[in-house]
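Here are my notes on this model, point by point. Please keep the structure open as you read.

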Amino acid sequence: MPQFMDVHHGMTGLTADQLREAHAADLAIEKDEGVHFERAWADPDSGNVYCLSEAPSAEAVKRVHERAGHPADEVHQVPLSI
């Protein structure tokens, strides 16, 4: 299944607990769209959050994030990784 990296902007000051809660919200509904979120990273100073997932499409990733209450600003397919 393809991998995707998505980016959220404007989450300045995000705490570890808030990141954990947002990730848990994604995990709670990911199966509805056939998505699996593997990991999330955040930079509270810049407000950027990055999520790595496996999904059937970028649109499926977008739908999960929208339903979870934190829409992604960008979704990029990751065709190669090591």
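1. **Arg 20 and its partner.** Arg 20 counts as exposed because its relative accessibility is 52%; the cut-offs are under 20% for buried, over 50% for exposed and in between for partly exposed (1.4 Å probe, protein chains only). Its side chain meets that of Asp 17 in a salt bridge, at 3.0 Å from N to O. A salt bridge here is a side-chain nitrogen of Lys or Arg within 4 Å of a carboxyl oxygen of Asp or Glu. Asp 17 is partly exposed, at 47% relative accessibility. Both residues sit in helix H1, three residues apart, about one turn of the helix. Helices (H or I, at least four residues) and strands (E, at least two) are DSSP runs, numbered from the N terminus.

2. **Ground rules.** This is a predicted model: local features need pLDDT of at least 70, side-chain atom pairs count only at pLDDT 80 or more, and totals for chains, interfaces and linings use all residues. Residues are numbered from 1 along each chain as its sequence is written, and side-chain values use heavy atoms, with hydrogens and water left out.

3. **The other salt bridges.** How many salt bridges does a search of the whole structure find? The count is three. Arg 67 forms one with Asp 32, with the closest N and O atoms 3.0 Å apart. This pair links distant parts of the chain: Arg 67 is in helix H2, Asp 32 is in the loop between H1 and E2, and 35 residues separate them. Arg 67 is partly exposed at 47% relative accessibility, and Asp 32 is exposed at 54%. Glu 33 bridges to Arg 63, with the closest N and O atoms 2.8 Å apart. Glu 33 is in the loop between H1 and E2 and Arg 63 is in H2, so this pair ties together parts 30 residues apart in sequence. Glu 33 is buried, with a relative accessible area of 19%, whereas Arg 63 is partly exposed at 37%.

4. **The sheet.** Four strands form an open sheet in the order E2-E3-E1-E4, with antiparallel pairing. Two strands pair if DSSP finds at least two bridges between them. E2 and E4 are the edge strands, each pairing on one side only. Neighbouring strands are turned by 20 degrees against each other on average, direction ignored. E2 and E3 share seven bridges, E1 and E3 six, and E1 and E4 five. For landmarks, Asp 43 stands opposite Asn 48 in E3, Phe 4 opposite Ser 53 in E3, and Met 5 opposite His 76 in E4. The E2–E3 hairpin has four residues between its strands, and Gly 47 there takes a positive phi near 85 degrees. E3 is mostly covered, with five of its seven residues buried.

5. **Helices on the sheet.** H1 lies across E2 and E3 and runs at about 160 degrees to E2. H2 lies across E1, E2, E3 and E4, at about 40 degrees to E1. Axes are lines fitted to C-alpha atoms, for helices over the stretch in contact, and angles run from 0 to 180 degrees between N-to-C directions.

6. **Which side of H2 is covered?** The buried residues of H2 are Ala 58, Ala 60, Val 61, Val 64 and His 65. They lie on the same side of the helix because they cover an arc of only 165 degrees around the axis, taken from the directions from the helix axis to the C-beta atoms. They pack against E1, H1, E2, E3 and E4; contact means heavy atoms within 4.5 Å. Gly 69 follows H2 and has a positive phi, near 95 degrees.

7. **The core.** The largest nonpolar core has 15 residues, and Phe 4, Val 35, Phe 37, Val 61 and Val 75 touch the most other members. H1, E3 and H2 each supply at least two of its residues, and H2 gives the most, with four. Such a core is a set of buried Ala, Val, Leu, Ile, Met, Phe, Trp, Tyr and Cys residues joined through side-chain atoms within 4.5 Å. Not counting residues up to four places away in sequence, the contacts of Phe 37 include His 23, Leu 27, Cys 51, Val 61 and Val 64.

8. **Ala 42.** This residue is in E2 and is partly exposed, at 33% relative accessibility. Leaving aside neighbours within four places in sequence, Ala 42 is in contact with Leu 14, Leu 19, Asn 48 and Val 49. Its C-alpha is 20 Å from that of Glu 30, twelve residues apart along the chain.
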